[in-house]
Amino acid sequence: MKIGEYNTLRVNRFVDFGAYLIDNDANEVLLPLRYLTGDEELDDMMEVFVYNDSENRPVATTERPHATVGQFCLMRVKAVNAIGAFMDWGLVAKDLLVPFREQRVRMQAGRSYIVYVYLDKNSGRIVASAKLDKFLDKTFPQFYHRQRVDVLIAQQLEIGYRVIVNSQFWGMIYNNELYQQVNIGEHHMGFIKQVRDDGKIDVTLTKIEKMRVDDLAGSILDYLERHGGSMTLNDKSSPDVITRTFNCSKKDFKKALGLLYKQHRVVLGDVVKLL
């Protein structure tokens, strides 16, 4: 049975205060009564999240926490006491502790921080840490150009955003390549631009040029069809208007128009028209 993760378990027996679920190794865990709908039957299979209660006993829930063991996540501090900071984990009966030794700066109630969720080997409890570096891979990244990756927005800097790539490595998205609003804690689909010789990763949220232009050409055709087959946006329009309308750069917009023209899909001019 995996503590801090989702488990698919079988209903083994019912008691007044809930149901006991069992895994393939005959380990039982209680699913409290408040999580039962009344439709469950013996031998039903259920996906539940298993964590430790306040007395360090495994317990199951059908609630879904903001993050499981091995994941990074933005969480809000609910309270701070002599032990550390307690984060809103998304579970009604359990907050997530960030001990003081795992805080980069002293955490404050009401503020949110990116943390990593892990199972403490000494106590057997699920805890979190804001010291992200020690949970990221130190080996040289083995990504290829244009590879699709998961990106977690982690920190805003003057030049852009520091991100966590595939929950493994630090990466960077630069301001001049952002054509959409992003917020700390959000996950986005990104693409590898390059892995530098020193192992630093440049990431973009917009597809690599050919992919972007092909997709943008399709978006322009959709736009034209929705607007009666014509639009006043053209290659002389302002970059701001183009970005607001198509969430792209003027350079990509011009290339997409050129592609559609070569394909004999549009007529170019002050008004762009479908053929």
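Helices (H or I, at least four residues) and strands (E, at least two) are DSSP runs, numbered from the N terminus. The structure is a predicted model, in which local features need pLDDT of at least 70 and side-chain atom pairs count only at pLDDT 80 or more, while totals for chains, interfaces and linings use all residues. Residues are numbered from 1 along each chain as its sequence is written, and side-chain values use heavy atoms, with hydrogens and water left out.

Ser167 lies in the loop between strand E12 (160-165) and E13. Although Ser167 is not a glycine, its phi is positive, at about 55 degrees. Most residues other than glycine have a negative phi. Ser167 is partly exposed, with a relative accessible area of 34%; buried means under 20% relative accessible area, exposed over 50%, and partly exposed in between (1.4 Å probe, protein chains only). Asn247, found in the loop between helix H2 (239-246) and helix H3 (250-262), also has a positive phi of about 55 degrees without being a glycine. Asn247 counts as partly exposed, at 39% relative accessibility.

The nonpolar interior was considered next. A nonpolar core is a set of buried Ala, Val, Leu, Ile, Met, Phe, Trp, Tyr and Cys residues joined through side-chain atoms within 4.5 Å. The largest such core has 33 residues, and those with the most contacts inside it are Leu21, Met75, Met87, Met107 and Val115. Strand E4 (residues 45-52) provides the largest share of this core, five residues. Not counting residues up to four places away in sequence, Met107 touches Val77, Val80, Ala85, Met87, Val98, Tyr113, Val115 and Ala130, where contact means heavy atoms within 4.5 Å. Leu30 lies in strand E3 (residues 28-32). With neighbours within four places in sequence left aside, Leu30 is in contact with Val15, Phe17, Gly18, Ala19, Tyr20, Val59 and Ala60.

Pockets were located on a 1 Å grid over the protein atoms alone; a pocket is an open set of points where a 1.4 Å probe fits, with protein on both sides within 12 Å along at least five of seven lines, and lining residues have an atom within 4 Å of a point. Grid points are joined across faces, edges and corners, and a volume is the space filled by probe spheres set on the points. The largest pocket has a volume of about 380 Å³. Its lining consists of 18 residues, of which Arg104, Ile114, Ala130, Leu132 and Ala154 lie nearest the centre. Strand E9 (112-119) and strand E11 (148-156) each supply at least two residues of this lining, and E9 gives the largest share, three residues. The second largest pocket holds about 300 Å³ of space. Of the 19 residues that line the second largest pocket, Trp170, Gly171, Gly199, Lys200 and Ile201 are the closest to its centre. Strand E13 (169-174) and strand E15 (201-204) are the elements that give two or more residues to the lining of the second largest pocket, and E13 gives the most, with five residues.

Finally, the cysteines were inspected. The structure holds zero disulfides, a disulfide being a pair of cysteine sulfur atoms within 2.5 Å. Cys73 is buried, with a relative accessible area of 12%, and Cys248 is buried, with a relative accessible area of 6%.
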